[in-house]
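This report describes a protein model for a reader who meets it here for the first time.

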Amino acid sequence: MHGLKSALLTIWRLILPYATTRDAGEMTIPLIGRVRLQERWIGIGLFISLILINLFQVALNVRLSYFSRDLYNALQEMDAAAFWHQLLAVFSPLAAVWIAIAILEIVVQYIFHIRWRAWMTRRYIDNWLSGSAHYKMQLSGAEADNPDQRIAEDINLFIANTRTLSLGLLSQVATLASFAAILWSLSENFTLPGTDIAVPGLLLWVALIYAVLGTWLTHIIGRKLIGLNFAQQRYEADFRFSLARLREYGEQVALLSGENAEKEQLGQKFGRVIDNFMAILNRQKKLTLFTASFFQASVVIPYLFVAPYLFLKKVTLGQMMQTVDAFSRVQGALTFFISAYTTVADYKAVVDRLSSFEHAIDATRRQEQRPGVQPLLDHPVRPTSDNGAIVISSVDLRLPSGRTVLSIPDLVLNKGERALVTGRSGVGKSTLFRAIAGIWPFGAGRIALPKGASVMLLPQRPYIPIGTLLDAVSYPSTSDIYPKEEVAHALQAVHLGHLAPHLDDEGLWGLTLSLGEQQRLSVARALLAKPDWLLLDEATAALDEPMEKEMYALLAERLPHTTIVSIGHRSTLDAFHDRRIELTAAGVGKDTALTPA
Ligand SMILES: Nc1ncnc2c1ncn2[C@@H]1O[C@H](COP(=O)(O)OP(=O)(O)OP(=O)(O)O)[C@@H](O)[C@H]1O
């Protein structure tokens with residue numbers, strides 16, 4: 001019981017944000033035109049329409065059950081006129097309304113689904129990306145597996161199942177209420193078969209006992225499916241992700257002839273998919289054996305009870321057929337849970353996956369706000385400096401494990417001064433840059449940035465998004481921000497002018513461009529973005545020395561107001577900087593003034 005309560009609460013928490021959003025929405029309604037309303041009212045309005053449609057369908061079913069009684073009675077009495085009347089004057093208009101309602105239901109269902117999905121997907125993407133939560137989740141180990149699957153698939157399934165199960169339940173309750181009344185009145189005077197013991201509403205009691213027993217047994221047999229379905233989704237997503245990753249790193253795998261290792265790993269991942277699938281099959285087999293027998297038996301039961309009365313001529317054929325129909329409807333409503341068990345099992349898995357994803361994001365944010373330590377990232381407001389410098393005071397950079405990687409008691413990076421940060425590999429240079437950029441959550445201390453200053457970081461291996469070359473060069477801005485000519489000029493400046501005619505070409509640019517070309521493309525991004533601070537983390541390490549020199553000269557010439565701080569190992573970099581700061585395990589080692597060439 002407690003489990004059910006907490007599951008319902010979790011579902012409610014997932015539904016609530018859409019039901020209470022104040023976001024503006026717009027919708028075109030036939031005959032009325034375009035309406036602007038808060039999105040929640042549109043969603044709630046659509047859902048209420050679905051409820052009404054479902055109730056109307058139940059009412060139609062009740063009406064049809066009387067049609068069926070009258071039709072069979074007409075047949076039994078060989079009354080042709082009554083038969084044709086029932087078929088043409090009663091059934092035909094009911095059937096026409098039935099069809100129209102079915103179409104309306106589909107349309108409303110689809111619109112409701114896509115609107116809720118669009119809203120929820122946007123919200124999840126926002127939450128996942130804001131404050132670099134996607135990255136910090138990975139770092140802190142709070143990451144929920146396969147976030148892509150949760151956003152792309154689980155939201156979709158959650159909405160589809162919430163709709164089918166809630167509306168299904170509602171229409172089954174309505175069916176139960178209306179047909180239970182019919183069943184009661186039809187079997188009001190029944191006696192236990194073969195005896196004179198009167199049991200009013202006998203068939204209703206039979207249906208009730210039978211269904212409660214069936215539902216309980218279904219749950220006992222099927223409950224393992226919930227965990228198995230959860231695992232299945234995870235294994236499928238792991239396997240898919242490995243394939244996608246292999247595609248991305250195809251060249252490295254081919255160069256290292258890593259295909260055998262890949263095959264082995266893919267085989268293992270797919271093996272898990274198969275093993276779990278077989279476990280599901282096993283469980284499903286037992287469940288189906290039970291539910292199928294249960295449903296087959298329930299076809300015969302009403303006949304067993306009513307047929308003796310028909311032969312004694314105590315009920316008409318029409319009454320018997322209506323009783324059979326009512327029994328099966330009541331039975332169907334009561335055993336809704338049984339037929340929907342697999343959906344419920346899937347649903348529970350999806351709900352768990354979405355809520356654990358939300359928890360992981362929340363946990364990451366809470367970690368940033370842990371009391372007791374002066375958080376490195378004063379999220380969402382970062383400390384600012386008044387003198388235009390980046391001021392680092394008492395900073396202790398740690399790893400996710402808690403181990404300190406670098407301590408810097410005091411370091412000021414002055415505006416306009418080109419600084420080169422050096423130090424042995426692994427000393428923590430990149431981690432310091434991450435902390436300055438505001439994405440490294442582990443550690444304590446204070447890093448103050450000039451108020452309102454924009455900071456851009458160019459890593460050694462630039463990220464190239466999937467899309468056109470224009471998308472790649474404009475990144476992190478969108479491709480409509482810069483005029484194309486400006487982008488083409490930036491490409492020319494970094495000696496990639498030959499790519500300018502291909503700005504609109506879609507391609508795997510991250511795979512086709514050499515690392516040096518990608519680094520130059522990254523410099524072009526900086527030329528376009530004109531940040532106040534540019535942090536180059538070995539961002540030109542793949543270039544030959546003359547080209548590297550040219551890139552630094554270009555940045556100095558085109559971005560005279562940008563302060564450059566570089567990380568690098570090459571001694572030739574000294575010539576482009578005013579100051580060299582050497583980091584050591586003990587903190588800042590030598591801090592030397594340089595004379596730029
Ligand atoms: N996400 C992470 N989880 C655990 N350890 C990490 C993580 N990122 C970095 N580290 C560790 O932190 C230390 C510092 O890494 P960092 O990348 O800052 O070094 P670096 O000085 O830039 O090295 P290099 O010159 O080789 O690029 C390394 O020992 C690295 O293994």
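Domain bounds, as used here, come from an automatic or database domain assignment. The structure is a predicted model, in which local features need pLDDT of at least 70 and side-chain atom pairs count only at pLDDT 80 or more, while totals for chains, interfaces and linings use all residues. Residues are numbered from 1 along each chain as its sequence is written.

**Domains**

The assignment gives domain 1 (2–366) and domain 2 (384–593). Their centres, taken over C-alpha atoms, are separated by 52 Å. Two residues are in contact if their C-beta atoms, placed from the backbone, lie within 7 Å. On this basis, 7 residues of domain 1 are in contact with 4 residues of domain 2. Helix H4 (residues 133–140) gives the most to the side of domain 1 that touches domain 2, with 4 residues. Helices (H or I, at least four residues) and strands (E, at least two) are DSSP runs, numbered from the N terminus. By class, that side of domain 1 has 2 nonpolar, 3 polar and 2 charged residues. Here Ala, Val, Leu, Ile, Met, Phe, Trp, Tyr, Cys and Pro count as nonpolar, Asp, Glu, Lys and Arg as charged, and the others, Gly among them, as polar.

**Helices**

The axes of helix H5 (residues 147–186) and helix H10 (residues 317–334) come within 8 Å and cross at roughly 145 degrees. Axes are lines fitted to C-alpha atoms, for helices over the stretch in contact, and angles run from 0 to 180 degrees between N-to-C directions. The residues that make the contact include Phe179 and Leu183 of H5, and Phe327 and Arg329 of H10. The contact of H5 with H10 divides into 11 nonpolar, 5 polar and 1 charged residues.

Helix H6 (residues 202–222) has 21 residues that should span 30 Å at 1.5 Å a residue, and its end C-alpha atoms are 30 Å apart, which agrees. The expected span of a helix is 1.5 Å times one less than its number of residues. Helix H7 (residues 224–248), with 25 residues, reaches 37 Å from its first C-alpha to its last, close to the 36 Å expected. A residue is buried if 20 or more other C-beta atoms lie within 10 Å of its own, exposed if 12 or fewer, and partly exposed in between, with C-beta atoms placed from the backbone. Among the buried residues of H6 are Leu202, Val206 and Gly214; in H7, those buried include Phe230 and Gln233.

Lys313 has a positive phi of about 60 degrees although it is not a glycine. Glu538, also not a glycine, has a positive phi of about 50 degrees. The contacts of Val315, leaving aside neighbours within four places in sequence, are Val306, Tyr309, Leu310 and Met320.

Val427 and Ala585 are 158 residues apart in sequence and 6.2 Å apart in space, C-alpha to C-alpha. Finally, a cis peptide bond joins Tyr475 and Pro476, with omega about 10 degrees.
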